[in-house]
Amino acid sequence: LIVLIPLSTLFWKSANLGPAGFWQAVTAPRVVASYKLTFGASLAAAAVNAVFGFIVTWVLVRYRFPGRRLVDALVDFPFALPTAVAGITLTTLFAPNGWLGAPLDKIGVKAAFTPLGITLALTFIGLPFVVRTLQPVLESLDPEVEEAAASLGANRLQTIFRVVLPA
């Protein structure tokens with residue numbers, strides 16, 4: 001009921017507008033700007049998470065190093081934080097007087113309350129999902145398959161694109 005009542009109200013109010021009113025509401029300049037921000041930031045965060053999530057997963061699965069368990073635990077950090085706390089923390093960190101915002105402000109980069117900040121927040125929240133999804137797949141992929149590709153003359157990028165990513 002907590003979800004269905006607001007959802008039904010959304011459809012009911014939209015139906016009361018009529019097709020012309022609905023179209024006018026969803027194509028208003030502020031609404032279109034919100035679509036652009038939402039989809040643009042989400043696409044950018046997904047691209048960053050795809051690249052860096054794969055790299056983090058690869059390092060955690062294939063290499064043993066001091067601090068590996070700490071990195072593995074830090075990946076789960078966004079899961080431990082409520083979303084509101086994560087947002088407040090990121091805003092505080094990236095504010096012009098924050099730990100990360102002050103150095104960025106000196107070089108002219110504004111992060112808090114900007115599309116960049118939204119992209120950073122989406123990346124922070126989404127990275128653990130990418131890492132924890134890829135981890136079992138990379139763990140099940142036998143390193144000998146990669147060694148076989150290398151012995152057949154494949155370079156590192158060919159091995160990643162033709163052996164690892166298809167799996």
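Is Thr-57 buried or exposed? At 0% relative accessibility, Thr-57 is buried (buried: under 20% relative accessible area; exposed: over 50%; partly exposed: in between; 1.4 Å probe, protein chains only). The model is predicted, so local features need pLDDT of at least 70 and side-chain atom pairs count only at pLDDT 80 or more, whereas totals for chains, interfaces and linings use all residues. Residues are numbered from 1 along each chain as its sequence is written, and side-chain values use heavy atoms, with hydrogens and water left out.

**Stop 1: Thr-57 and its surroundings**

Select Thr-57 in helix α2, residues 29–62. Helices here are DSSP runs of H or I with at least four residues, numbered from the N terminus. Setting aside residues up to four places away in sequence, the contacts of Thr-57 are Val-130, Val-131, Leu-134, Gln-135 and Leu-138 (contact: heavy atoms within 4.5 Å).

**Stop 2: the aromatic pairs**

The structure holds three aromatic pairs. Rings of Phe, Tyr and Trp (its six-membered ring) pair if their centres lie within 6.5 Å; planes under 30 degrees apart count as stacked, over 60 as edge-to-face and the rest as tilted. Select Phe-54 and Trp-58: their ring centres are 5.8 Å apart and their planes stand at 35°, so this pair is tilted. The two residues are four apart in helix α2, which means that about one helical turn separates them. Phe-54 is buried at 15% relative accessibility, and Trp-58 is buried at 10%.

Next, select Phe-77 and Phe-124, an edge-to-face pair with 6.4 Å centre to centre and 75° between the planes. Phe-77 belongs to helix α4 (residues 77–80) and Phe-124 to helix α7 (residues 115–140), so the pair ties together parts that are 47 residues apart in sequence. Phe-77 is partly exposed at 41%, and Phe-124 is partly exposed at 24%.

**Stop 3: the nonpolar core**

Select Phe-54, Trp-58, Val-61, Leu-138, Leu-141, Ile-160 and Val-164, the seven residues of the largest nonpolar core. Such a core is a set of buried Ala, Val, Leu, Ile, Met, Phe, Trp, Tyr and Cys residues joined through side-chain atoms within 4.5 Å. Helices α2 and α9 (156–164) each supply at least two residues of this core, and α2 gives the most, with three.

**Stop 4: helix α7**

Display helix α7, whose 26 residues should span 38 Å at 1.5 Å a residue; the end C-alpha atoms are 37 Å apart, which agrees. The expected span is 1.5 Å times one less than the number of residues. At Gly-126, α7 bends by about 35°, and Pro-128 follows within four residues; the bend is the angle between axes fitted to the seven residues ending there and the seven starting there. The buried residues of α7 include Thr-119, Thr-123, Val-131 and Gln-135. Its buried residues pack against α2, α3 (68–75), α4 and α9.

**Stop 5: Lys-106**

Finally, select Lys-106 in helix α6, residues 101–106. Lys-106 is exposed, at 76% relative accessible area. Pro-96 is 10 residues from Lys-106 in sequence and 8.9 Å away in space, C-alpha to C-alpha.
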